[in-house]
Amino acid sequence: MAKFLEKAFGFDPKQNSVRTEILAGLTTFLTMAYILAVNPGIFSALPGMPGGSVFTATALAAIVGTLVMAFYAKKPFGLAPGMGLNAFFVFTVCLGMGKTWQFALTAVLIEGIIFIILTLTKVRTWLINAIPGTLKKAIGAGIGLFIAFIGMQNAGIIVNNDATLVSLGHVTEGKALVGIIGLFITAGLVMAKIRGGMLWGILITAVIGLFIKDPATGAAITTLPTKVVSLPDSIGPIFCKFEWGSILSWDMLAVVFTFLFIDMFDTMGTIIGVHQGAGLINKGNEEIPGVEKMFLADSIATVAGACFGTSTTTTYVESASGVGEGGRTGLTAFSIAVCFGLAMFLSPIFLAIPGAATAPALIIVGVMMMPSVKTIHWEDYCKAIPAFITIIMMPLAYSISDGILLGVISYVLCHAVAGKFKDISITMWILAALFVCKYIFI
């Protein structure tokens, strides 16, 4: 068994524990399972895309992508259709531009194929290695803040405010109260070094939600499902429904490029950030081992997702929760894939866990990813300003990719203004110019 685990998942019995890897996988799944409910809801705005079919397609895309990550890349990351990319698919391409969902699926397929080519030619690896070490450290911290912000939103601790954009929610009632109670319970478990502390925190918080009501609806934050088993719907209505007649149009080019840009830097940021937070980046050269295989898994998942009938599939930043639990190998990813497989048939149980229950784990993961900031040279403003912009723009812009793009642009501008041209590589000049064009023309 040990030899099989080592060969299949890169599992080392001297350093890794089967129990830890499985618990890490379950933890990651619970923090990203919301996509199973959110994705069908977003796609419900499009006629001809049944919610049940989108649910199944979402799960299948996650399973395929995560299995490739498990067996080929041997890394503890989960993949699923990405948030933001699904909204761009529905609300910008289909409803905004007036394109069919078949057109959008074709764009996702083409993007995935281009990604595979870029990965095999090592262009994506070249890009990730071109980013200075300072920005890589900032990316890890920025993603930590971003994850924590998502968790606070999910729990209603931070809410929308038309006057100030965001503000503190009603923290003494409803899901915000559940999230805060769960945060300190989960923190206590983690500080006590209880194995699987974040997972136990999620489950305990979900149980607490049974006894606290939402003041708006009067219903409990956590509701018990009325049934346990549910057969998945067919993906027949959306399977391989492509629109080949428009592949040479300017609109297709613009949509493909946008999908490509967002997905590339979201994935890049997630991989850098989670590795940085877990201390898995090589200290000497700031390189990430096995990055090409991770990129290829992401690319294959996107192509598979397009065939199943859903938007771009990407590596999830919530994978940091499982890494925080000790997940280090492909066995963690395999556990995530198994959970998605079970969710196709046991969806009522998995979807009964509210966002308020997973929020504490995301907030604590945010804490775990902050230590990288202490190695940034804050006294050198040429490095400190780009690092700060990278960190702060991820949660404020609600985008990992925008944080990276603005960080790169500011890095080049700061060094150029200071006259430190020798510290700016040709690659960074090219990237900064491309990123500026992105903001001007897209």
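Reader: Why is Asn 129 called partly exposed?

Author: The relative accessibility of Asn 129 is 34%. Buried means under 20% relative accessible area, exposed over 50%, and partly exposed in between, with a 1.4 Å probe and protein chains only. Asn 129 therefore counts as partly exposed. This is a predicted model, in which local features need pLDDT of at least 70, side-chain atom pairs count only at pLDDT 80 or more, and totals for chains, interfaces and linings use all residues. Residues are numbered from 1 along each chain as its sequence is written, and side-chain values use heavy atoms, with hydrogens and water left out.

Reader: Where is Asn 129 found, and what is Asn 129 in contact with, leaving aside its neighbours within four places in sequence?

Author: Asn 129 belongs to helix H7, residues 123-130; helices (H or I, at least four residues) are DSSP runs, numbered from the N terminus. Beyond those neighbours, Asn 129 is in contact (heavy atoms within 4.5 Å) with Lys 136 and Glu 287. Glu 287 lies 158 residues from Asn 129 along the chain, yet their C-alpha atoms are separated by 6.4 Å.

Reader: What makes H7 and H12 oblique to each other?

Author: The axes of H7 and H12 (residues 291-308) cross at roughly 125° and come within 9 Å. Axes are lines fitted to C-alpha atoms, for helices over the stretch in contact, and angles run from 0 to 180 degrees between N-to-C directions. Angles under 35 degrees count as roughly parallel, over 145 as roughly antiparallel, 65 to 115 as roughly perpendicular and the rest as oblique. H7 and H12 are therefore oblique.

Reader: Which residues make the contact between H7 and H12?

Author: Arg 124, Thr 125 and Ile 128 of H7 meet Val 291, Glu 292, Phe 295, Asp 298 and Ser 299 of H12.

Reader: How many disulfides does the structure hold?

Author: The structure holds zero disulfides, a disulfide being a pair of cysteine sulfur atoms within 2.5 Å. For Cys 240, the nearest cysteine sulfur is that of Cys 307, 4.2 Å away. For Cys 382, the nearest is that of Cys 414, at 6.2 Å.

Reader: Are Cys 240 and Cys 382 buried or partly exposed?

Author: Cys 240 has a relative accessible area of 36% and is therefore partly exposed. Cys 382, at 8%, is buried.

Reader: Why is His 415 called buried?

Author: The relative accessible area of His 415 is 0%, so His 415 is buried. His 415 lies in helix H18, residues 400-417. Among the residues that His 415 touches are Cys 382, Lys 383 and Phe 421.

Methods
Helix = DSSP H or I, 4+ residues; strand = E, 2+ residues; numbered from the N terminus.
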